Number of protein chains: 2
Amino acid sequence: MQKPSLPKGTRDFGPVQMARRNYILDAIKDTFQLFGFQQIETPSMENLSTLTGKYGEEGDQLLFKILNSGDFLKDLAPEDLAKGSAANLTKLSEKGLRYDLTVPFARYVAMNRNELSFPFKRYQIQPVWRADRPQKGRYREFYQCDADVVGTESLLCEAEIILMIRRVFAKLGLKDYAIKVNNRKILTGIAEAIGEQGKEGPLCVAIDKLDKIGWEKVKEELLQRGFGEAAMQKLLPLVDLATGVKERLAVLTQFLSQSPIGLQGVQELEEVFRLLEQLGTNLDHVDFDPMLARGLSYYTGAIFEVKVNGVSIGSVSGGGRYDNLTGVFGLPGVPGVGFSFGVDRLYDVLEELNLFPVDRLAGTQVLLTHFDQAGFDYGLRCLTAMRDAGVKAELYPEMTKLKKQLEYASKKELPFVGICGDEEIESGTLMLKNLATGEQEALSLTDAIAKLKGAE
Amino acid sequence: MQKPSLPKGTRDFGPVQMARRNYILDAIKDTFQLFGFQQIETPSMENLSTLTGKYGEEGDQLLFKILNSGDFLKDLAPEDLAKGSAANLTKLSEKGLRYDLTVPFARYVAMNRNELSFPFKRYQIQPVWRADRPQKGRYREFYQCDADVVGTESLLCEAEIILMIRRVFAKLGLKDYAIKVNNRKILTGIAEAIGEQGKEGPLCVAIDKLDKIGWEKVKEELLQRGFGEAAMQKLLPLVDLATGVKERLAVLTQFLSQSPIGLQGVQELEEVFRLLEQLGTNLDHVDFDPMLARGLSYYTGAIFEVKVNGVSIGSVSGGGRYDNLTGVFGLPGVPGVGFSFGVDRLYDVLEELNLFPVDRLAGTQVLLTHFDQAGFDYGLRCLTAMRDAGVKAELYPEMTKLKKQLEYASKKELPFVGICGDEEIESGTLMLKNLATGEQEALSLTDAIAKLKGAE
C-alpha cells in the first residue's frame, strides 16, 4: 500500500477542467481550420542533438532528458564521475522531451521538405516539458498551441493572424482586449534614428516600463545603459505618443524618415492594415505599439502580442515573422510567420471573467432514474431512443434509492433527470425534472427528447 | 548544420494522418460522450514509485525513465558503478513516462476519491511510452484510448460497452467484425469442471490454437503441460462447440452444472444479453467465446475482444471487468469495467479496407486564385464572406502564376478552386472549378457558398 502523489510541477485535468480546456481548444481548432491550417503532431521525444543549442544555455539546462534504455551506466567509468554530470550527459542519455513546438516543427519541415507543399500552414497542439522550478501558474508540463505559415513572405498571413485572434476571442466571449502589433524593422529603425544602432533590445526593456515608472526614471535607466543625452532628446516624440493606429503610423513615418529599414517596417504594417480593410474588416482591437518587442533574436518582421484588459494575467497570445526557420537543420531560406495561444492563460482569463458556459460543458444532458426493476427496464428502452436522437443520456446503473441517484446527477451537475416510475411506465411518459429550477413535467418520450434537444 | 532525424520507434503525424486519426478519435469521443463518459488527462510523467511493480518485471524494464534535473550524478559514488545500472536507478531517476492509462487512472481515482462521484465514467486518450524493440506496427510512443466505469458492479456497463463498440464501428463504416465476449468465471469453472482447477491460463493458450492446428495437436500440448487424459475427455463438448450465442450458453450451462462460479459467469453473460434486448437492440456482432482469455491476472468478470474480419490486423479493441482497481494505492473495494480502442490498429484497418472518407478530411474546401492585384483584392473580399458562412477557404497569398496556385490546390487535395479574374470581378461572380471532375461554372458569391456548403 502506498499513498500516491504527482511529480512536482505536474497536474491532473479532471472532467470539468478537461471540458473547459476542450471548449477553448475547439474554438481555436475550428478557427485554424477555417483559415486552412492543417494539424500535425511530432513525437514527445527528440534526439538531444535536435534539441540542444536551440534554446540558449539556460534552455539546455531545462530540457528533460530520457535515461538510455537497458544498461544505462555501461559507458560510465569510475573516473568519469569526477568530470561532473554535464560532461557525462551524452553517455547516459541521447533523447530529451520536447521543449517547445517550434524546433520540432522546424525539424519536421526540414525532413519533409520534398513532400510538403509550400506555403505550408500547420497548427500543432501538444504538451511541452521544462524542468523549471514550479510556481503558481508555471508547470513542468503544459500545452502549447501554435500556428505557422512557412514558405511565403506574403503579408496576408499577418492580416489573417489578426483575423484568427479576433475570431477565437469572439467565440470565447472575450471583448476587451488589445492585439498589439509592431515590426522588428521599426525597432531597428528607431535605434538607428536616435543614433544608437543595434541597441533596440535595452531600449525596449526600458521603454516598456514607461507606463509604470514614468519618463524620468526610464531616461535614467537608459543613460545608465549607455544611451546618450542626444538620443534621449530624439526619443521624445515616441514618449508622449499619439493614440490611434493611423496617427502613430504618421508619427513613425516622420520619425523614421532617414531610416530605410524603419520605413520598410512602417510600410509592411500599412500593407497589413490595407489587407484588413480589403478583407472587408477594420482595425478593431488592433493597437500599433512601436516599442513592442518579443523574440528579438529571431523575429525579423511583424511582432504580435495580445493582452486581455482588466485581468491579472499577462499576455495570452503572441508571435511574429522570422526569416530562417530551418537553417540549422540544413534547409536555408524558409521564411514564415507564426503565433501561439497560451491555453493555460486563456483558461485562467475565462475563469476570472466567468466566461465559461455552464450548459454546453456539462456533458450528459439527462439521467434516467428509477424506483425498481420495472422502472429500470423502462429506462433502458428510453435510453436507446434518447441516444439514437443524439441526446447524451445515462441510466443510473444500480438498483438504489432515488436520493442516491439524484445526488449523482447533482454532483455531476446534470441539467435534467427523467424519472421512470409506475405512472410513467403506464402512460409511456417521462417525468422530466430541471435540476436548476426544480420544475418538472410529464412528457411523452418524443416530447422529452425534443425538450432536451432544444435545451442544448 | 545537421541532418535531423527521429528517435527510433517514434514518428511524425503529417496533415493527412492527423486528419484520419482525428476522424477515428472523433467517432470514439462522440460515442463516449453520448454514453456519459467524461474526459480526464494525467501527466506524462509519474513518480517511479507509482509505475514500478505494476507491469511485471518485463514492464519495469520497458519504462522510459527521466534523468533527474540538475546534477544527476551527485549521488553516484565510483564504487556504485560495480553494482550495475538497476541497483543505481533510483539515484539517477525518480520519474518515468506513462506506460499505460490504467495505472495513472487508478492513481487519479485514489487521490481524488473524495471529489469524484461514483459510479465514475471516464475516458482518456493520451500517448504512452514503452522502450520496446521497435518493429513494424510497434512504436515506442503510441496513443491509448480507454473508457472505464468504476465504482459499480452493474452489468449495464458491460451491455453499454457492446453498444459503444457497435456505434463507433457503424460510424467508421466497419461492418464485418466480431465482438467476442466471455467471463473470467466461466474460464475458472471450465478448469474446475475438467478437474484441473486453477489451470485456465495454459488451457486457454492451448485451446486458442484449435482453429489453426486442430484438436489432436492441442491435446498433445495440453498433455505435455500436465493436463490429464480424463480432462481431455471432459473437454470434448467444448472442442466441437455449437455456433450461436444461445446454443453456446446452453452447452456451458450443462457443462458447468457442478461449478457454482462457472454458472455465475454464465448468468452474468445472460444478464448482459437480457439488458441488450431490453435496450431494444440485439446480439448482432456478439460472439460468445467460452475460451476467450485476456488479462487473466486482473480481469474477474466480463472479458471482451474485438476482431475485424478479413484484414491482417489482430484485435482492435478489448477490455474486461476487474474488482480491485485502486487497492495498490490504498483504496480497496473499487470494482470497474473498461475497454480500449487500439487507434493505430483501427487506422490500419480503415486504410486496408479503404474506408477513410476523402471529402470530409480534406480540410480547406476552396482555394481562391487570382491573376493580378485586382483579382487578389477581389479574392480578399470573397474570402471573408466564405469564412463568415463557415466555408473553409484560403486565398493564395502570393502574386504568382495560376499554374503554381493550382499545383498548391492539387497537392493539398482541395476539392474546389474559385478563380478571381477580370470577368468575375466585373460580374461579381466566381468561376468555381471542381478539381476532381474538371467541371467549372460561373456562380454568384452567394451561390458559390451554397454550392460549397452543399458539397460538405
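# Exercises on a two-chain model

The side chain of B:Asn88 reaches the backbone oxygen of B:Asp80 at 3.0 Å, which is a polar contact in the sense of a pair of N or O atoms within 3.5 Å, where within protein one atom must be able to donate a hydrogen and the other to accept it, and residues adjacent in sequence count only if both atoms are side-chain atoms. The model is predicted, and local features therefore need pLDDT of at least 70 and side-chain atom pairs pLDDT 80 or more, while totals for chains, interfaces and linings use all residues. Residues are numbered from 1 along each chain as its sequence is written, chains are lettered from A and ligands numbered from 1 in the order in which they are written, and side-chain values use heavy atoms, with hydrogens and water left out.

## Exercise 1

Place B:Asn88 in its secondary structure, classify its accessibility and list its contacts.

*Solution.* Begin with the helix: B:Asn88 lies in helix 4 of chain B, residues 85-92, where helices (H or I, at least four residues) and strands (E, at least two) are DSSP runs numbered from the N terminus. Next take the accessibility, which is 1% in relative terms, so that B:Asn88 counts as buried; the classes are buried under 20% relative accessible area, exposed over 50% and partly exposed in between, with a 1.4 Å probe and protein chains only. Finally, leaving aside residues up to four places away in sequence, B:Asn88 touches A:Leu73 in chain A, together with B:Leu76, B:Asp80, B:Leu81 and B:Lys83, a contact being heavy atoms within 4.5 Å.

## Exercise 2

Describe how B:Asp377 meets residues of chain A.

*Solution.* B:Asp377 is found in helix 14 of chain B, residues 373-388, and with 12% relative accessibility it counts as buried. Its neighbours, not counting residues up to four places away in sequence, are A:Arg274 and A:Gln278. With A:Arg274 there is a polar contact from side chain to side chain, at 3.2 Å.

## Exercise 3

Contrast the sequence separation and the C-alpha distance for the pairs B:Pro104 with B:Glu46 and B:Tyr139 with B:Pro202.

*Solution.* For B:Pro104 and B:Glu46, 58 residues apart in sequence, the C-alpha to C-alpha distance is 7.7 Å. B:Pro104 belongs to helix 5 of chain B, is buried at a relative accessible area of 0%, and touches B:Thr42, B:Glu46, B:Tyr55 and B:Arg98, not counting residues up to four places away in sequence. For B:Tyr139 and B:Pro202, 63 residues apart in sequence, the C-alpha atoms are 29 Å apart. B:Tyr139 sits in the loop between strand 5 (120-129) and strand 6 (141-150) of chain B, is partly exposed at 28%, and has among its contacts B:Gly9 and B:Arg130.

## Exercise 4

## Exercise 5

Determine whether chain A is spread out or compact by the globule rule.

*Solution.* Chain A contains 17 helices and 16 strands. Its radius of gyration is 28 Å, well over the 23 Å that the globule rule gives for 456 residues, so chain A is more spread out than a compact globule; the radius is taken over C-alpha atoms, and the rule is 2.2 Å times the number of residues to the power 0.38. The box filled by the C-alpha atoms along the principal axes is roughly 90 × 70 × 50 Å. Of the 456 residues of chain A, 57% are buried.
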